[in-house]
Structure formats: C-alpha cells, structure tokens
Amino acid sequence: MAKKVLVLSGSFRKHGNSDLLCDEFIKGAKEAGHNVEKIYVNDQNINFCKGCGICNTTHKCIQNDDMAEILNKMVDADIIVMATPVYFYSMNGQMKTLIDRTVPRYTEISNKDFYFILAAADDNPENMQKTLDGFRGFTEDCLDGAKEKGIICGTGAWQVGDIKTSPAMEKAYKMGKGC
C-alpha cells in the first residue's frame, strides 16, 4: 500500500550533500510506489517561535507564515524524513526552528515512522550523536507513537557533491525503497 512520505530537507544548498541523500531516499521510495513530497525548509517562511503560549490552548500559531501548511503535511504523512547538514555537531537552525514551531499541533504528529538524514564534513559518525539526540528528543520524548526506522549518516562530505561517492548514497536509496 502506498504511503505518504514527507521529506523535510534542511539543506541551504539544493543538491548539497544532505539534499542529495534526500534525493536518493526519494528515488527508492518512489520506486516502491509511495507518494513523496519534498519541502526545502530554507525556501519556506518559518519564523522563530515567540514562546507566547497562545497555541497551547488554541492549537494555532499567532504567526502567519508557512508553518501551518507544513504542520498539515506532517500530520497527514505516514513517514517523515528529517534531513540536515551538521553544523558544529548539531542540526542547522532552519530544522531546529521548524521543530520548535510544531508546538501548536505536535500532539497530532502521532504514530509516524521517522528517518533521519545527516551529512557532515567530519569523518567520524560518532560525532553525529548530538544531532541525533536533538531529533530523538523531538520524536521520542514529544511525539506519541513515533518510530525511528532508519538513520543515514553521510560523513566526510565538506564540499558540495562529496557525498556522491559515499556508501551513504546507496543506504539512502535502500532505506527509501524499504520504507
């Protein structure tokens, strides 16, 4: 049965390393017959959370930006892929801002499968742990029924396109095909 797959690409660079891994995941997911949509987080107008707390009772943010539509898509998806370049051993600011802005409806982002894609210049996959901890803090600690289904760490990718020769490309494709 076809699933709705939402890929949230946090890369500043279209066709950058983390984004190329997204594309391989998408290729596999489409070949498996799933419906896939990719959102470039950087292309969206997503303001910082103001911490006003109004959404705690209204379940709607007071800010009028692109986040409401993204939240609708997150709630409707069966599978959510969150991809980020790793900057100073953490996710980039755009991805963190998106996560912060899920507050109005995070309780509705339930029973989803999650895949995490990370790309970093660092060669050591163990140095991606802090980024994974951030994603897991969101999914495991805040979302009901979230299931982590896979992690793709592309390491040693400093320049655009470095990831193309990494085994992470094939891993991303296979995870997409198997989701």
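Reader: What covers the buried residues of α1?
Author: The cover includes β1 (4-9), β2 (35-40), β3 (79-87), β5 (113-119), β6 (147-154) and α6 (167-178). Helices (H or I, at least four residues) and strands (E, at least two) are DSSP runs, numbered from the N terminus. This is a predicted model, where local features need pLDDT of at least 70, side-chain atom pairs count only at pLDDT 80 or more, and totals for chains, interfaces and linings use all residues. Residues are numbered from 1 along each chain as its sequence is written, and side-chain values use heavy atoms, with hydrogens and water left out.

Reader: Ok, which residues in α1 are buried?
Author: Among them are L20, L21, C22, F25 and I26. Buried means under 20% relative accessible area, with exposed over 50% and partly exposed in between (1.4 Å probe, protein chains only).

Reader: And what follows α1?
Author: G33, with a positive phi near 95°.

Reader: Switching topic: how many residues has the largest nonpolar core?
Author: It has 29, and L8, M74, M82 and L98 have the most contacts inside it. Such a core is a set of buried Ala, Val, Leu, Ile, Met, Phe, Trp, Tyr and Cys residues joined through side-chain atoms within 4.5 Å.

Reader: Where does the largest share of this core come from?
Author: From α3, with five residues.

Reader: Last one: why does T97 count as buried?
Author: Because its relative accessibility is 8%. T97 is in helix α4 (residues 93-100). Leaving aside neighbours within four places in sequence, T97 is in contact (heavy atoms within 4.5 Å) with I46, N47 and F48.
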